[in-house]
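Take a look at the model below. We will start with accessibility, move to aromatic rings, and end with a loop.

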Amino acid sequence: QKISHEYYIGNQTEKDLVANGNTNTVENRIFEAVETITPIVTSRAHQFQVLPGSEKDDSMRRANNLQKVLTRKYETLEMQKKLEEVTRDLMIKRYGVMKWEWSYEKDDVDVHVIDPRRILVPRMQVDPHDLPYKIEIQEYTKAEMKEFWPEADMDELHPESNIDIGKMDNKKDLYRVYEVWTSDMVAWFCS
């Protein structure tokens, strides 16, 4: 994933090894291809179709209202943009992750695009629905740790000093938390 991402952003040569007088410019066809195909793949917005349970007026009205709610939710969650991000991850990193969850701040459903480097799954597993477990690596500041886990003894926990995962590269003093999902439980562990 790291090598593929480096190629995508244009770091395809070892620039310090290029002889003096020669250019280290590259024609980035991978970037061109990904940025050309991503809008094509995600250009059509989803069309939700809700079928009524019966031919009664009440059932048809509820189905119509639900269809409008789903269409509006697609827009307010900015699903078009998020699907573009996941599509890029699929093409560059060969793995894309969207996480659906309940947002207590919004008191509504929310969707996040997760950097695939933050997700751990068992080796040689193909179908994401048949995984015995999934682990998401999360990072929190000390204030966030106290807010989310007030009963945790912060003196026993030590922040990570060199974090090299996802969008939080080069930040210091973050606590790494592993969120483990199985078919029947969710658990959090701190390193």
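A residue is called buried under 20% relative accessible area, exposed over 50%, and partly exposed in between, using a 1.4 Å probe and protein chains only. Phe148 has 43% relative accessibility, so Phe148 is partly exposed. Tyr140 sits at 14%, so Tyr140 counts as buried. Trp149 is buried as well.

A word on the source. This is a predicted model, in which local features need pLDDT of at least 70 and side-chain atom pairs count only at pLDDT 80 or more, while totals for chains, interfaces and linings use all residues. Residues are numbered from 1 along each chain as its sequence is written, and side-chain values use heavy atoms, leaving out hydrogens and water.

Now the rings. Rings of Phe, Tyr and Trp (its six-membered ring) pair if their centres lie within 6.5 Å; planes under 30 degrees apart are stacked, over 60 edge-to-face, and the rest tilted. The structure holds 5 aromatic pairs. One of them joins Tyr140 and Phe148: the centres are 5.5 Å apart and the planes stand at 70°, so this pair is edge-to-face. Tyr140 also pairs with Trp149. Here the centres are 5.3 Å apart and the planes stand at 85°, so this pair too is edge-to-face.

Last, the loop. Arg44 lies between α2 (29–42) and α3 (57–76). Helices here are DSSP runs of H or I with at least four residues, numbered from the N terminus. Is Arg44 buried or exposed? Its relative accessibility is 68%, so Arg44 counts as exposed. Arg44 and Gln80 are 36 residues apart along the chain, and their C-alpha atoms are separated by 8.7 Å.

Definitions and conventions
Helices (H or I, at least four residues) and strands (E, at least two) are DSSP runs, numbered from the N terminus.
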